[in-house]
Every structure is written in C-alpha cells, then in structure tokens.
Amino acid sequence: MQINTVEGNIAERDDSAIVVNLFEGVTRPGGATGAVDGALDGAISDLIEQGDITGKKGNNVLIYSLGKLNSTRIIVAGLGKSDEFDLNAAREVNAGVARFIRSVGVNSYATVLHGAGIGGLDPSAAAQAAAEGLVMGLYSFDKYKADSGSKSIESVNIVEFDAEKIEAIRNGVKRGKDIGEAVNLARDMGNEPANIMTPTRMAEIALDVTRGTSMELTVLDRSEIEEMGMGSFAGVAQGTEEPPKFIVIKHEGDPDNPGNNLGLLGKGITFDSGGLDIKSAAGMLTMKSDMSGGACVIGTMKAIAAFNPKINVLAIVPATENMPGRRAQRPGDVVTAMNGKTIEIGNTDAEGRLVLADALCYAVEKGVTRIVDVATLTGAIGVALGDGATGVFGNDQDWVNEVVEAGNKVGERMWQLPTYASYKSEYSSDIADIRNTGGRGAGAITGALIIGEFAGDSQWAHLDIAATTRTTSDKGINPKGSTGVPVRTLVELATSLASE
C-alpha cells in the first residue's frame, strides 16, 4: 500500500472516495469538512441534524456526491469527543475508516489528516499515527486460504492544504509506515502455524531483517548452546527433534559509548505442548503464538534498522519447541544456567522463564546494563489484568517507569505489579538454588521474579504479554489474531533513549 502526502484542497480531489471528519457534538462543520459540506449544498449538515452523522468515534457514514464533487463517495469519519481525541484515537480512527472503505470495495482514497486541524495534534505526530493506523488496521493473515475474498487498498493520499506542513507530514508518514510494518512482521510470525514458524524459520527471518544493514546476526545451534553452558535453555530444547536456535542481533548505533546500551530479549517457544506436564487440548490451541515475545523483538529490530538510532541494541531470542519427546526433561530434574545457578524443574510447562534465564545471563555477560524481556509467560497475568494491559515487573523503579512511559506514549498500556522479596520464598528448592515454579497464587509475579534472578546488576524489566499478544476480534488497530504488542513500545524506548 502506498501512502502519499499531497498538497491541495480535498474538496477538489477526484479519488474514488474522500474522507473528512467530525467531532461529536458539532452541528455545523468547519475546515475541510465545512468546505465539502458547502459543495454538497449542506448535505452533511442536514444528516447531522437528522442524527445520521453523529461524530461519535467509529461512526463512519458514506454519502454520494451526485456529481457535485469530482469524487463519487464521501466518508464522514466520527472522531469522538474533542477533549478525548489523542494520537491513539487518531490511529484507531484511521484503521477503522480504512477497513470501512475496504468493505465497500474501494481500493484507493484521499483523506484529511485527522486531528491536525482543530484537534490540535502536531502534524508530524498525527501523520505518524495515521500511517500506523492504516498499515496495522488493514493487516490480514489469509495466505493459506485458496480464495480469501479479501479486498486490498492500494493507495491512500493524505491531503494537506498548508504547503508548510507537507515535509513534516511526509516524515511522520515514513516513520509510521516503518513502525507499522515492523508490527506486522511480528504479527505474521505470531499467526504462522508452528509447523512453518520453527526456530530455524525464526532465524531465517532474523537474517532477512539484518541483510543489507549494519546489524550483525549470530545464531547458535544446539551444540553451541550446550558448549556455552546454557543448561536451562538446553533442558527445554532436549525434548524436541526440531533444532533450537539462540538468535542474537547486534545494532551498534553508538560504538564509542558501550554504556549506551539496551537489551531486548524475547521468549521464542515456537510451540508449547507443556512438555511432560502436557497441556489440555484447549490449552494448546494458541500455543503457536508462544514465540510472540521473540517475534516482537525481531520486529523491533526491523524498525531499528530503518531508524538507525544512536544506541547499542542487543536483541536475543532463545527459540525452541517445548515437546514431550523421548529425551524430554522431567519434573524433578535439575539444570544449570549459564551463570552457574541451578534450577529444579517443578513443572515442564514453566519453560519460558528457563529459556529467558540463559538469555539474561548472555546479555549480562555481554555488558548490557538496561534490559527488557518480553514473554507470553503466564495465564495468571490475564486473570490479574485481563487483556486491557500488559503486566510489567522489574528490579529498578526508574527503569520500569521509563518502559511504562514508552508504552503510554504509543498507546500500549501497561500496569506494574509488585516484586516484593517475600514472594521469592514461593520458588525455593530443597535441592537446587531455585525452582522454576511457585505456589498457586501470584503466578505472574513469581514467574517474573524467577527470570529476574538472572539479571545480575543490570536494570531489568519484564513484560508479560500472555493476555495482550492476541485478540479474538477486530479492536481498533488490531485485527483478529496476533497483535504485535509491544513492538511500538520497544521502538519508542530505544529511540527515546538514543535521543538522551
């Protein structure tokens, strides 16, 4: 899809459709909407008076110009209440309008920049939000359908009357499109079936992301994983015949300042059967997406390659299946992580913390001092927060605050849960340093704390995306399926740290 920025008057466009907008409660439209209303002899005002056009968010109304404008179709997009309109609303409005237009069979249209007029949004930021909404909102995953029947939008023209804003809008569109495509890469990976999205395939996609860039890719195989002493990761991988991969992507944006660094770690369990502590049939239905943390880290690096921020980023994805094979680890086994800490296996289905333990050890050994790990770690986080927010944990409050603020800026909500030392007794072991499971309560907290045992002196934050990584219906910018959360947060974090 092409997203173009053009100077002009939208009322004079001859696209298949044009999009204007209206805030809730406005009875006489102004600006571009007012100009189109005037050309239509007050048709929009009449429909407002009759209650057909309300301006409520999601109220998209199609009317026909009947030869009074060059464009045949006019869509009036509802923006909602003006005092509640922000960049996140702009993303959602653009996504909703694009899906609406696609549903009526139009493959190209022109639109004003929602929120950049009386909405008061910065033109570049509004343009970025528009591009993100378009790219993410129109996403679909139907590659395995012989005839998907889905229509596509080939081009969108963002029309701006003020020539002085054009360059800023184009820059915003470029950034938004790059971010949206990074999110969609993570979505593609999360939506792929597990027989396709293997650890080897994840490594191939990492190669695609780094090819032609200055980033370095390292992929360790099973023997190298074992030689490096990653017994915690290797223990999870020993039950599957699918080769595990320890994927490392290195971006040196500030090579003369090694302390300016960020580690992004993503759980890459390409299918989680639960191992010998096997899940129920229903519990395995979406376990192809148990590698979504790793997918989001790889997607983030796609955006990092595009933006080349002045910060050193080390991305790590320990990728493997968790299967009940003949060599599978057993409850009661003891494994040794890369840093020498021993872990008793209380449940083979608590494998995400095991693979991330060695990923954290690796990052700490490489000198990374600021770390975020991302994982579909626990069902308990969904019980605590539902799908309305990602759970956040950490060992440094200032660092947690920075991560949460990055999420707030891009509309990916997060909520911090406690990591009191008293919870650590839940995973004590009689025969090893720790156990990989806690008690019945506070499952998300104990899971996070077990990972944190391997953070060393680094500032560390853990994002549990188990409840936010998928959606069962179209919601805002997220079509049904994999959401790509929290790619946009990680991109915002990396670029904001680079600007400090």
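Which residue is the bridge partner of Ile18 in β5? The partner is Ala110, and I shall begin with the sheet to which this pair belongs.

First, a word on the basis of this talk. The model is predicted, so to speak of local features we require pLDDT of at least 70, and side-chain atom pairs count only at pLDDT 80 or more, while totals for chains, interfaces and linings use all residues. Residues are numbered from 1 along each chain as its sequence is written, and side-chain values use heavy atoms, with hydrogens and water left out. Helices (H or I, at least four residues) and strands (E, at least two) are DSSP runs, numbered from the N terminus. Two strands pair if DSSP finds at least two bridges between them.

Let us turn to the open sheet. Six strands form it in the order β1-β6-β5-β2-β4-β3, and the pairing is mixed. The edges are held by β1 (2–7) and β3 (60–64); each has a single partner strand, so one side of each is left without a neighbour in the sheet. On average, neighbouring strands of this sheet are turned by 25° against each other, direction ignored. Within the sheet, β2 (residues 17–23) and β5 (residues 108–111) pair in the parallel sense over two bridges.

Two helices pack on this sheet. Helix α3 (residues 87–103) touches β2, β3, β4 (73–80) and β5, and its direction makes about 150° with that of β4. Helix α5 touches β1 and β6 (155–160), and its direction makes about 170° with that of β1. Contact here means heavy atoms within 4.5 Å. Axes are lines fitted to C-alpha atoms, for helices over the stretch in contact, and angles run from 0 to 180 degrees between N-to-C directions.

I now come to strand β11. Why is β11 described as largely enclosed by the rest of the structure? Because 11 of the 11 residues of this strand (residues 312–322) are buried, where buried means under 20% relative accessible area with a 1.4 Å probe, protein chains only. Asn312, Leu314, Ile316, Pro318, Thr320 and Asn322 point one way, while Val313, Ala315, Val317, Ala319 and Glu321 point the other way. In general, side chains of a regular strand alternate between the two faces of the sheet.

Strand β11 has several partners. It runs antiparallel to β8 (residues 245–252), with eight bridges joining the two, and Lys245 stands opposite Ala319. With β9 (residues 261–266) the pairing is parallel, over five bridges, and Leu264 stands opposite Ala315. Strand β10 (residues 268–272) also pairs with β11 in the parallel sense, over four bridges; there, the bridge partner of Gly268 is Ala319.

Finally, the cavities. A cavity is a set of points, on a 1 Å grid over the protein atoms alone, where a 1.4 Å probe fits but cannot get out; lining residues have an atom within 4 Å of a point. Grid points are joined across faces, edges and corners, and a volume is the space filled by probe spheres set on the points.

The structure holds two cavities of 30 Å³ or more. The largest has about 50 Å³ of space, and its lining includes Arg91, Gln128, Glu132 and Arg175. Helix α14 (487–498) gives the most to this lining, with three residues. The second largest cavity has about 40 Å³ of space. Among the residues that line this second cavity is Asn322, which also belongs to the buried strand β11.

Terms used:
Buried < 20%, exposed > 50% of the residue type's maximum accessible area, 1.4 Å probe, protein only. 1 Å grid on protein atoms, 1.4 Å probe; cavity = no way out; pocket = protein on both sides within 12 Å on 5 of 7 lines; lining within 4 Å.
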